[in-house]
Amino acid sequence: MRLKVWGARGSIPAPGPETMRYGGNTSCVEVTLSDNSTLILDAGTGIRHLGMAMKQDRSEAAVAHPVNILLTHLHMDHIQGFMFFPPMFEAGSEIVVWGPASPEASLRDRIARYISAPLAPVEVRELPSRLTFHETDAQEWQIGPARIRAQAVNHRGPTLGYRIEDNGTVLCYIPDHEPGLGAPLASIEDEWISGFDLAHGADLLIHDCQYTDSEYDHHLGWGHSPVSDALEFARRTGPARVLLFHHDPLHSDDFLDRLDTELAERWAQLGGPAGCVSLATERLELELTRDRVQRPAEAAPPPAPPLRSPA
Ligand SMILES: [Zn+2]
Ligand SMILES: [Zn+2]
């Protein structure tokens, strides 16, 4: 399994010179499965660049497969890129959208609230691609070579986390999550921790870390994790590697550099192995193999600038 981060920002796109390194696009991760098919996690604004890259690079083998998009939920930062995803406007492309059920309306009708007037110049029914929608409450199913498990997690509104297993490797994706809401994560039983089964023993966990602990005091119940809960969730669930995700739009690159240093120190204090927790950056590529998670040598980005000490 290979993956590439196309958007790691939370809440609202945050473009600008102060967010160039970690990126300003909202949630979107491309996963390439062992049969070379593409699975997309969320359709935030990052999916626009992914769609453009797919147009240029898709091999014949990849084009033969439908594009599957797994939506964790329908907050704007996770669907905003849909309207600008080039395959949606190609007559030959087949797109399958999976997402949480809601008693309010079907998945298609809820997405159509955005892809319709007055917010959009087209309606879902006018899109030329072959588009289908599936509601996926807690269940397991197969997409190509991958076993997918979805489960409801603590956030505002119906929200899923995903566990994706392909060829012996496991990726867990929970970008919007407040597992510590009303629950002391360090001491409660495993079964009472939201998302525990999804993340347990994964090779890679991609998880919410929107707030510092002091910011969280003012955002309790907003559906996101402070640093302490993101790290404690990782300690309890034991993934081999953790990418912390959904960066607050107010957090600049310099701020996130300091946070990254603080995370490493606090992870060490929790007894975690060095180098396995880091902040996600836009365009980061990783390869998950049975015994390790690594950057593909040919795709390694330029070396990161030195981290600054916390102020
Ligand atoms: Zn979000
Ligand atoms: Zn959300």
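**Close-up views of a predicted model**

His78 and Asp176 are both buried. The legends below describe a predicted model.

**View 1. The zinc ion (ligand 1) and its protein donors.** Four residues donate atoms to the zinc ion (ligand 1): Asp77 (OD), His78 (NE2), Asp176 (OD) and His246 (NE2), at 2.1 to 2.2 Å. The angles subtended by these four donor atoms run from 91 to 169 degrees, so the arrangement is irregular. A tetrahedral site would need all angles between 85 and 135 degrees. Along the chain, the donor residues follow the spacing D-H-x97-D-x69-H.

**View 2. The zinc ion (ligand 2) and its protein donors.** The zinc ion (ligand 2) has His73 (NE2), His75 (ND1), His155 (NE2) and Asp176 (OD) as protein donors, 2.1 to 2.5 Å away. The spacing of the donors in the chain is H-x1-H-x79-H-x20-D. Here the four donor atoms subtend angles of 90 to 171 degrees, and the arrangement is therefore irregular. His73 lies in the loop between strand E4 (67–70) and helix H3 (76–79), whereas Asp176 lies in the loop between strand E10 (169–174) and helix H5 (196–199), 103 residues apart. His73 counts as buried because its relative accessibility is 1%, under the limit of 20%.

**View 3. Asp176 between the two zinc ions.** Asp176 coordinates both the zinc ion (ligand 1) and the zinc ion (ligand 2), which are 3.4 Å apart. The relative accessible area of Asp176 is 2%, so this residue is buried.

**View 4. The salt bridge between Arg21 and Asp254.** The closest N and O atoms of Arg21 and Asp254 are 3.5 Å apart. Arg21 is partly exposed, at 34% relative accessibility, and Asp254 is partly exposed at 28%. Arg21, Asp254 and Asp257 are linked in a network of salt bridges.

**View 5. The salt bridge between Arg130 and Glu94.** In this pair, the closest N and O atoms are 3.7 Å apart. Arg130 belongs to strand E6 (residues 130–135) and Glu94 to strand E5 (residues 94–99), so the pair ties together parts 36 residues apart in sequence. Arg130 is partly exposed, with a relative accessible area of 48%, and Glu94 is partly exposed with 33%.

How values were computed:
Residues numbered from 1 in each chain as written. Chains lettered and ligands numbered in written order. Predicted model: local features only at pLDDT ≥ 70, side-chain atom pairs only at ≥ 80, totals over all residues. Heavy atoms only, no water. Donors = N, O, S within 2.8 Å, 3.2 Å for Na, K, Ca; no water. Tetrahedral: all angles 85-135°; square planar, octahedral: opposite > 155°, others 65-115°. Helix = DSSP H or I, 4+ residues; strand = E, 2+ residues; numbered from the N terminus. Buried < 20%, exposed > 50% of the residue type's maximum accessible area, 1.4 Å probe, protein only. Salt bridge = Lys/Arg side-chain N within 4 Å of Asp/Glu carboxyl O.
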